[in-house]
Amino acid sequence: MARYQPVIGEWYQTPEDDLFEVVAYDLEGDTIEIQHADGALEELDLDTWNQLVLVPAGPPEDWTGPLDLPPEDLDDLEEHHQSRRPEGYDYLNDVDGLS
């Protein structure tokens, strides 16, 4: 059911408004580790991922909440996240079927 491959550093949302980021993807073990917006970690197998109904999402307003990093490292992360998206990318254009 999932139309999107897990991409490390990308955020996804379910119809139930569960928001999470992919933090690791083990191709050999077919496991995906996700971190929910509240900081909780969860490991999914590829079959479970494929059954999820997902849409790409933007990070929550305070997406750094669960991170334990010094402020100067947060600037580098923000630049990294922005550089991964094409100029003018709007994740809302990828959303369909959610109201």
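User: Among contacts in the protein between residues at least 6 apart in sequence, what percentage join residues at least 24 apart?

Analyst: This is a predicted model, and in it 46% of the contacts between residues at least 6 apart in sequence join residues that are at least 24 apart.

User: How do strands β3 and β4 pair, and over how many bridges?

Analyst: Strand β3, residues 31-36, pairs with strand β4, residues 41-45, in the antiparallel sense over five bridges, and within this pairing E33 stands opposite E43 of β4. The two strands form a hairpin with four residues between them, where G39 in the turn has a positive phi of about 100°.

User: Which residues make up the largest nonpolar core?

Analyst: As a general idea, nonpolar side chains in soluble globular proteins tend to be buried together. In this structure the largest nonpolar core has nine residues, namely Y4, Y12, F20, V22, I32, I34, L44, W49 and L54. Strand β2, residues 19-26, and strand β3 each supply at least two residues of this core.

User: How should I read I32 and I34 in that list?

Analyst: In a regular strand the side chains alternate between the two faces of the sheet. Here I32 and I34 both belong to the largest nonpolar core, and β3 spans residues 31-36.

User: What share of the 99 residues is buried?

Analyst: Buried residues make up 27% of the 99, while the protein exposes about 6600 Å², of which carbon and sulfur atoms supply 47%.

Notes. Residues are numbered from 1 along each chain as its sequence is written. This is a predicted model: local features need pLDDT of at least 70, side-chain atom pairs count only at pLDDT 80 or more; totals for chains, interfaces and linings use all residues. Side-chain values use heavy atoms; hydrogens and water are left out. Two strands pair if DSSP finds at least two bridges between them. Buried means under 20% relative accessible area, exposed over 50%, partly exposed in between (1.4 Å probe, protein chains only). Contact means heavy atoms within 4.5 Å. Accessible areas come from the Shrake-Rupley method with a 1.4 Å probe; for residues, only the protein chains shown count as cover. A nonpolar core is a set of buried Ala, Val, Leu, Ile, Met, Phe, Trp, Tyr and Cys residues joined through side-chain atoms within 4.5 Å.
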